[in-house]
Amino acid sequence: MADAYVAIEGDRVIEARARAPGTARGELVFTTAYTGYEESLTDPSYEEQVLTFSYPLIGNYGVREERFESDRVHPRAAVAREMTDDVAEWLESEGIPAVDHLDTRDIVTEIRDEGAMKCGIAAGPDVTEQDALDELHECKHMSDHTDIGAQVSVDEVEVHNEGGDGATVALVDCGAKGSIAESLVERDAEVHVFPYDATEDDVAAVDPDLLFISNGPGDPENFEQAGELVETYVGDVPLAGICLGQQVVANALGGETEKMEFGHRGVNQPVRDLRSNQVVMTTQNHGYTVADPGDKLDVTQINVNDDTPEGLENDDLNIITRQYHPEANPGPHDSLGFFDDVLGMAGE
Ligand SMILES: NC(=O)CC[C@H](N)C(=O)O
């Protein structure tokens, strides 16, 4: 007998087994990654989403805090074909509902055919199908989470590697994965992590060598303040961005973003560099994309599968952004050189 339900758009209800109890709602997305479940579940970019793993077994190498990308789980719920006790217990302790023993191929096919969709989840001995449907009917469109930055950003400025020998980086935390600051610190940078709504004066106080806009959840158009920083500093300070950061930079400089049908989430997304013609494998997690880079940014890298922009640059203005995740947690590690390139722009 089922003790968990996943309700998807069209009021279809899929039966499952409860692995961590509770009710939740969010945008239903899938990742094809076969490793990296700890990193994905702690990636702030999954805020307000329900994460389905297409790989059939999740949790086979345990749960270790050293692999976390932030201090909590961000997806509202997790869905897998089979989830180990380690992961189920972790999610239960975090209050995040989890379900397994359902056909995740069916969910992936549905999302690929119909596009990203809302869902409701109810798991545990006392829940009903109606509980999952009620959650679904309360679910908001991703773009309607207008202040999602406040849910994931630091409240106060945090400084990493104070007195470091390298560049001073102002990292605007729109929901940053921890390994972005780590990758900069490993290269001797002094990293000032700013709240997502930091002002020009806040940033000016540290006189940065590089303004870096992080990854983050939801619609990039809801990160207006970060866009204003880009507008203010472009041309004066080199600019870098990862994922949502690329989208914010593009929007601020006259470009446009749009919602993709079902996004890219996984660890084997092929990206071609248009100058070297080299293809690298990348880690990705995004549902929006740059539809028009505007006239200040050149598209220097594209996704081999669908030609969407993966890298934007301007050599004169010192701008480098990436739609994928060069910090590579989980890997592949093909693109770690991005951090050397952006710190190179900052004079290192
Ligand atoms: N990982 C990210 O920064 C995601 C960016 C944005 N929230 C998107 O879905 O496209």
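Start by selecting S70, V154, E158, D173 and A176, which lie nearest the centre of the largest pocket among its 21 lining residues. The model is a predicted one, in which local features need pLDDT of at least 70 and side-chain atom pairs count only at pLDDT 80 or more, while totals for chains, interfaces and linings use all residues. Residues are numbered from 1 along each chain as its sequence is written, and side-chain values use heavy atoms, with hydrogens and water left out.

A pocket here is an open set of points on a 1 Å grid over the protein atoms alone, with protein on both sides within 12 Å along at least five of seven lines; a cavity is a set of points where a 1.4 Å probe fits but cannot get out, and lining residues have an atom within 4 Å of a point. Volume is the space filled by probe spheres set on the points, which are joined across faces, edges and corners, and for the largest pocket this comes to about 420 Å³.

Next, colour α5 (149–152), β10 (158–160), β11 (168–173) and α6 (178–185), the elements that give two or more residues to the lining of the largest pocket; helices (H or I, at least four residues) and strands (E, at least two) are DSSP runs, numbered from the N terminus. With three residues, α6 provides the largest share of that lining. Colouring by domain shows that domain 1 (4–140) and domain 2 (149–345) both contribute to the lining, so the largest pocket lies between them; these bounds come from an automatic or database domain assignment.

Now select S45, G216, G218, L244, Q247, N285, G287 and Y288, which UniProt lists for "binding site" in an unreviewed entry; such annotations are given in the numbering used here, with feature names shortened, and may be inferred rather than shown by experiment. Although they span 244 residues in sequence, no two of their C-alpha atoms are more than 13.3 Å apart, so they gather at one spot. The lining of the largest cavity takes in S45, G216, G218, L244, Q247, N285, G287 and Y288 from this set.

That largest cavity has a volume of about 120 Å³, and the closest to its centre of its 16 lining residues are G216, G218, N285, H286 and G287. Strand β16 (residues 279–292), which holds N285, supplies the largest share of this lining, four residues.

Finally, select S40, Y46, T283, Q284 and P330, which lie nearest the centre of the second largest cavity, a space of about 100 Å³. Here too β16 gives the most to the lining, with three residues.
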